Amino acid sequence: MTELKHYFAPTSLDQAVECLKDGDVTILAGGTDLTPQSQAGRVKIKHTLMNIRHIPQLTGITLEGREIHIGALATITEIMEHPLVRQHLPVLVEACDHFASDQIRNAGTIGGNICNASPAGDTLIPLLVLDASVELASMPEAKLYRHTMPLSTFFVGPGKTRKSLCELVTGVRIPLPEQGHVARFFKLGTRPALDISTISIGVAGTLRDGVLSNARVAFGAVAPTPTRAAQTEQALEGQRLDAATIEKVAAIARDEVKPIDDVRATAWYRKEMIHNITKRILSHVAQA
Amino acid sequence: MSLKHDIEFTLNGVKRRVSVDVTMNALAMLREVIGLTGTKYGCGEGECGACTIQVDGVSLNSCLMFAVDCDGRNVTTIEGLANDSKADALRESFVEHGAVQCGFCTPGMIMQADHMLHKHAHPDEACVKRGLEGNLCRCTGYKKIVDAVVACGAAEVTP
């Protein structure tokens, strides 16, 4: 690997993706993770350090047709306080509210939280159950190329994503929830502030006459990536959320996850908590 | 040799030009390059809040920020609050409530409390605790710190 030789702060998206062409670039946005990781020597900065802060195309939260677009540089605080997000995506607000501390929420960006690809990333679980897509930009030829990818297929391992070295995450797109949409998020940790979750759970769907359809369930910190739970979703789909169904689904959730033992909890504990909290969340959804 | 970059930014109301190591964090720049040692190094990982500064009107951990990222921005440190009447009231309230023990967390606490009081002029106890959750006091003098901030907000007259 080459040594850091160049610092670059582009002011347009074209300049940024042009710079990414050679693939030997470390991208800096909020810096809340890159700064301590690089200072401690856990992350080595590549040939170029590119600070994307001054690219206007990466900012802002807007309604575009039937989608909410959140720019990659939107901070956790901006998202949490934005009227569009508060009105349509309260589950994302809830997750942001449990994110680190005020100082870190003021600096950390959603693009950074996505690209870090931590299995415990706080915004990733609500984004997964909201069916979000990641928006990517690159410059394969001389022209800007943009495409989107479902977030559910974006993560491949801890800190690893399907984004190539030549691509930049420009934002995230979230479809406007339909009538009857319900969504809940829960983060389990040992203290409210600055904690990395032991587990986290997101549930979303459409509730009509007590029946849940379009069910989406995501779990954090129980697998190498934040992950959708296909079997749990299948067990929930089209069901009336009575006590027996909730118990059955919670048991399926416990069997579906394959967590590991680590400093924060044992695998056994995580499975039990997935069971208990899935049950709790589904009871809340049933009462929505 | 480490890569250097020249940056220009506003520090406590004054334009500054400095040449910094690209890999240096903002805390190291403030303390070691510029010589403003009011901002403290506690943990270097964003856990303790001792290094809290304000950039473009929001509080953040200077240990989690690249120094080069200060370029073109408006940075305020604890030294910059010395001539600020709002922050004066906050400082007086800390003194009055005995909210300072060893004093190491105090600059960070003041910077964060000042930011919070700009967002919530009259915070209650729960709001203050929430706002200061990224700041640790290892003397564990939280009660008096929270009381000082609540009292300062309560005394503040809305213009």
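## Close-ups of a predicted two-chain model

**View 1. Strand β10 of chain A and its two partners.** Strand β5 (residues 67-71) of chain A is joined to β10(A) by 5 bridges, and the two run antiparallel. This is a predicted model, as are the other views here. One pair to pick out is I68(A), whose bridge partner in β10(A) is I174(A). Strand β6 (residues 133-138) of chain A also runs antiparallel to β10(A), again with 5 bridges. Here V134(A) sits opposite V172(A) of β10(A). Is strand β10 (residues 168-175) of chain A mostly covered or mostly open? Mostly covered: 6 of its 8 residues are buried. If you're tracing side chains along it, remember that in a regular strand they alternate between the two faces of the sheet.

**View 2. Helix α3 of chain B and what packs on it.** Helix α3 covers residues 106-119 of chain B. How many of its 14 residues are buried? The count is 12, so the helix is mostly covered. The buried set is T106(B), P107(B), G108(B), M109(B), I110(B), M111(B), Q112(B), A113(B), D114(B), H115(B), M116(B) and L117(B). Within chain B, these buried residues pack against β3, β4, α2 (85-96), α4 (125-131) and α5 (142-155). Chain A joins in too, through its α6 (102-107).

**View 3. Where chain B meets chain A.** Which chain puts how many residues into the contact? Chain A gives 24 residues and chain B gives 26. On the chain B side, strand β4 (residues 58-61) brings the largest share, with 4 residues. Sorted by class, that chain B side holds 12 polar, 9 nonpolar and 5 charged residues. As for scores, the model comes with ipTM 0.96 and pTM 0.95. Chain B has a mean pLDDT of 95, and 97% of its residues reach 70 or more.

View 4. The contact draws 13 residues from domain 1 of chain B and 11 residues from domain 2 of chain B. On the domain 1 side, β3 (52-55) and β4 of chain B each supply at least two residues. β3(B) has the largest share of that side, 3 residues. By class, the domain 1 side is made up of 6 nonpolar, 6 polar and 1 charged residues.

View 5. Zoom in on helix α1 (residues 26-34) of chain B and you'll find A26(B), L27(B), A28(B), M29(B) and L30(B) buried. What do the buried residues of α1(B) pack against? Their partner is β2 (14-21) of chain B. Just past the helix, G35(B) has a positive phi of about 90°.

**View 6. Domains 1 and 2 of chain A.** Chain A is assigned domain 1 (6-51), domain 2 (59-175) and domain 3 (181-286). For domain 1 and domain 2 of chain A, the C-alpha centres are 18 Å apart. Domain 1 of chain A puts 14 residues into the contact, and domain 2 of chain A puts in 19 residues. Helix α1 (residues 13-20) of chain A brings 6 residues, the largest share of the domain 1 side. The classes on that domain 1 side are 6 nonpolar, 4 polar and 4 charged.

View 7. C96(A) belongs to helix α5 (residues 90-97) of chain A. Why does C96(A) count as buried? Because 27 other C-beta atoms lie within 10 Å, and the cut-off is 20 or more. Neighbours within four places in sequence aside, C96(A) is in contact with I76(A), I79(A), M80(A), R105(A) and T123(A). E81(A) is 15 residues from C96(A) in sequence, with a C-alpha to C-alpha distance of 9.6 Å.

Definitions and conventions: Residues numbered from 1 in each chain as written. Chains lettered and ligands numbered in written order. Predicted model: local features only at pLDDT ≥ 70, side-chain atom pairs only at ≥ 80, totals over all residues. Contact = placed C-beta atoms within 7 Å. Nonpolar A, V, L, I, M, F, W, Y, C, P; charged D, E, K, R; others polar. pLDDT = per-residue confidence, 0-100. Pairing = 2+ DSSP bridges. Expected span 1.5 Å × (residues − 1). Domains from an automatic or database assignment.
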